[in-house]
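Reader: I am new to this structure. Please take one part, the sheet with its surroundings, and go through it closely.

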Amino acid sequence: MIVVGDKDVESLIGIDIVAFQMAEGGAMGYPGGVFFVTPDKRIFFTSIWEQMSDDNLLKVFPPLAEVKWGLFGRGTRYPSGWHYEYLGMGNHLLVRDDFNEKFLKESDRLLRDNPDLILYNLWLDAVLSIL
């Protein structure tokens with residue numbers, strides 16, 4: 001995992017992102033945490049409160065400008081070209097459409113194989129598995 005912040009923004013602009021996970025304030029896990037994954041399986045992490053400003057995060061992931069996270073995932077708006085999954089506990093995931101079908105199949109398999117877990121625990125494994 002590569003931790004990034006405001007100082008890294010210029011090198012991240014235009015990066016090819018296939019999955020983007022963000023935690024609301026007060027979410028379980030890491031509130032304000034953001035993960036994004038590239039096709040070459042690089043995993044980036046930042047925090048919107050500690051490491052990267054909202055403006056800079058928008059430069060790295062422009063589709064975020066069209067996102068409105070809904071309470072418990074209900075009413076969430078997200079851009080075309082992306083699939084949305086509510087991960088529970090205030091955590092949200094966007095998967096690029098061209099990876100979504102494989103992601104859904106792999107996440108279903110992982111959930112069947114790990115009945116004590118939820119997608120929040122398995123989404124990254126599913127994404128990495130399909131890349």
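Author: Strands of a sheet pair through backbone hydrogen bonds, either parallel or antiparallel. Here two strands count as paired if DSSP finds at least two bridges between them. Strands (E, at least two residues) and helices (H or I, at least four) are DSSP runs, numbered from the N terminus.

The model is predicted: local features need pLDDT of at least 70, side-chain atom pairs count only at pLDDT 80 or more, and totals for chains, interfaces and linings use all residues. Residues are numbered from 1 along each chain as its sequence is written, and side-chain values use heavy atoms, with hydrogens and water left out.

The whole sheet is open and has six strands, in the order β1-β4-β3-β2-β6-β5, with mixed pairing.

Now the rings. The structure holds seven aromatic pairs. One of them is F35 with F45, a tilted pair at 4.9 Å centre to centre and 55° between the planes. This pair links distant parts of the chain, F35 in strand β3 and F45 in strand β4, 10 residues apart. Rings of Phe, Tyr and Trp (its six-membered ring) pair if their centres lie within 6.5 Å; planes under 30 degrees apart are stacked, over 60 edge-to-face, and the rest tilted.

F35 counts as buried at 18% relative accessibility, and F45 is buried with a relative accessible area of 8%. (Buried means under 20% relative accessible area, exposed over 50%, partly exposed in between, with a 1.4 Å probe and protein chains only.)

The F61 and W82 ring centres are 5.1 Å apart with planes at 80°, so this pair is edge-to-face. Because F61 lies in the loop between α2 (54-60) and β5, and W82 in strand β5, the pair ties together parts 21 residues apart in sequence.
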